[in-house]
Amino acid sequence: MELYYYTSTDTMRYILEKGDIFATNIRYMNDSEEYTNGLEELFRLAGNEELVNKWLNERGRNDIGTEDIKQTFTEENLEKCRRNMDYYSISFCQKNDLLSQWAIYAKESGVSIKMNFENDSYHFYTDSEEKGEKSQWELAPEKVLYFTRDSMEDEKDEYERQAFLILDKLYARDFKDQTEGKDEVWRYVSTFVKRYDFYQEAESRLVFQPTQTAYYPRVQYRMDQKVLKPYLDMICKDGWPIWEIMIGPGFNQQVVYNSVEHFLNHVEIKVGIRDTEDYLKRIEEYWKPYADELKGIKIYDDLQRHIMDAKTANMRLKAAQIAFDELMQQVCNFIHEDDGCSEGLKKYIKRHRFMDKGIVLSSSSIPFIY
């Protein structure tokens with residue numbers, strides 16, 4: 001799953017040098033009503049007996065009935081859930097080079113950090129309140145579901161589709177007891193339900209539940225527009241899986257691009273390159289859009305042969321980075337100088353620079369808008 005984290009260049013520097021990202025308490029996110037909206041929409045959904053029965057029939061669920069659901073989704077439990085908002089979230093976008101995300105989160109000449117979450121789960125941790133211990137989670141980003149009854153009156157099919165996805169989450173088949181602990185599931189699923197009006201954001205989230213760890217995490221605070229926002233300093237074991245950094249639109253875009261290139265060349269950074277095989281996979285992915293055009297060109301075919309040899313020889317990561325940095329530069333030089341290569345390919349290597357640390361550095365194609 002390819003996701004994009006829009007932010008400032010300074011925050012990017014922090015992430016790459018320190019290896020951590022702030023997970024903000026969901027009560028203090030940009031839209032403070034997001035969480036309560038989810039709670040209330042799920043409460044409405046549970047009371048829609050006709051739709052719930054349709055879900056039960058289509059999913060073949062004879063292990064639970066509408067009365068079981070009503071037992072959980074009561075006014076009393078809704079009020080309890082409203083008071084318990086102890087969740088921390090990191091938001092990503094499913095789309096790259098999206099104008100609205102540049103404007104809101106990255107501002108002028110910020111960055112979009114592409115992360116490739118390939119595994120079913122990742123190991124995250126932060127300091128706990130218990131000295132010497134870590135709070136730990138095993139999870140992966142999940143898509144936000146855009147679901148608001150009042151905003152979807154003309155989108156009945158989409159409302160039903162999203163409703164079924166939500167009920168699937170609430171009553172997963174591997175959850176043995178369908179009533180015990182359901183309040184907690186209700187609260188957790190609500191963190192992934194957002195107003196339908198924002199569906200174009202295409203958001204995914206990592207959501208951390210402090211109560212789901214052996215040691216309660218140490219909460220820190222940062223100032224944002226005069227508000228002290230609680231957050232957790234989250235580290236991804238083996239590094240966040242960063243594959244690309246795109247410089248956003250702005251009058252000084254080229255200067256920012258040059259500065260980030262200089263930074264990547266001179267600073268030791270923490271990124272999620274697991275091993276040599278992962279590094280070589282990034283190289284192959286870099287050339288993928290133009291692989292058909294390049295096939296048959298000797299210098300490119302030589303590069304592919306070296307990749308296969310490196311995999312067979314189990315080359316060490318540092319040695320691979322040194323060797324392939326030179327090989328990649330040779331291929332790019334050839335493309336730049338050869339009249340037989342298409343303009344599209346020439347523009348591609350000009351706008352997408354593969355750095356020796358396995359990160360592609362690129363720039364937004366959106367014109368300066370600020």
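Is Tyr-221 buried or exposed in this predicted model? Tyr-221 is exposed, with a relative accessible area of 53%, where exposed means over 50%, buried under 20% and partly exposed in between (1.4 Å probe, protein chains only). The model is predicted: local features need pLDDT of at least 70, side-chain atom pairs count only at pLDDT 80 or more, and totals for chains, interfaces and linings use all residues. Residues are numbered from 1 along each chain as its sequence is written, and side-chain values use heavy atoms, with hydrogens and water left out.

**Figure 1. Overall view of the protein.** The secondary structure comprises 14 helices and 15 strands, taken as DSSP runs numbered from the N terminus (helices H or I, at least four residues; strands E, at least two). The C-alpha trace spans about 70 × 50 × 50 Å along its principal axes. Of the 370 residues, 49% are buried. Among contacts (heavy atoms within 4.5 Å) with a separation of 6 or more, 78% are between residues 24 or more positions apart. The accessible surface comes to about 19,100 Å², with 46% belonging to carbon and sulfur atoms; areas follow the Shrake-Rupley method with a 1.4 Å probe, and for residues only the protein chains shown count as cover.

**Figure 2. Nonpolar surface patch around Tyr-221.** Tyr-221, Met-223 and Leu-228 make a nonpolar surface patch of about 370 Å². Patches consist of residues with over 30% relative accessible area and no salt bridge, with nonpolar side chains (Val, Leu, Ile, Met, Phe, Trp, Tyr) joined within 5 Å and like charges within 9 Å. Tyr-221 belongs to strand S11 (residues 220–224).

Figure 3. Glu-153, Asp-154, Glu-155 and Asp-157 form a negative surface patch; Asp and Glu count as negative and Lys and Arg as positive, while His and the chain ends are not counted. Asp-157 lies in helix H7 (residues 156–170) and is exposed, at a relative accessible area of 71%. Also in H7, Glu-158 and Arg-161 are 3 residues apart, a separation of about one helical turn. These two residues form a salt bridge with the closest N and O atoms 3.0 Å apart, the term denoting a side-chain nitrogen of Lys or Arg within 4 Å of a carboxyl oxygen of Asp or Glu. Glu-158 is partly exposed at 22% relative accessible area, and Arg-161 is partly exposed at 45%.

**Figure 4. Enclosed helix H8.** Helix H8 (residues 182–190) is largely enclosed by the rest of the structure, because 8 of its 9 residues are buried. Its buried residues include the charged side chains Lys-182, Glu-184 and Arg-187, together with Trp-186 and Tyr-188.

Figure 5. The side chains of Arg-353 and Glu-261 meet in a salt bridge at 2.3 Å, N to O. Arg-353 lies in strand S14 (residues 352–354) and Glu-261 in helix H9 (residues 253–266), so the pair ties together parts that are 92 residues apart in sequence. Arg-353 is partly exposed, with a relative accessible area of 27%, whereas Glu-261 is buried, at 17%.

Figure 6. Asp-302 and Arg-305 meet in a salt bridge (3.6 Å, N to O). Both belong to helix H12 (residues 298–313), 3 residues apart and thus separated by about one helical turn. Asp-302 is partly exposed at 22% relative accessibility, as is Arg-305 at 43%. Elsewhere, a network of salt bridges links Glu-118, Arg-274, Asp-278, Lys-281 and Arg-282. The count of salt bridges comes to 32.

Note on methods: Charge placed at Lys NZ, Arg CZ, Asp CG, Glu CD.
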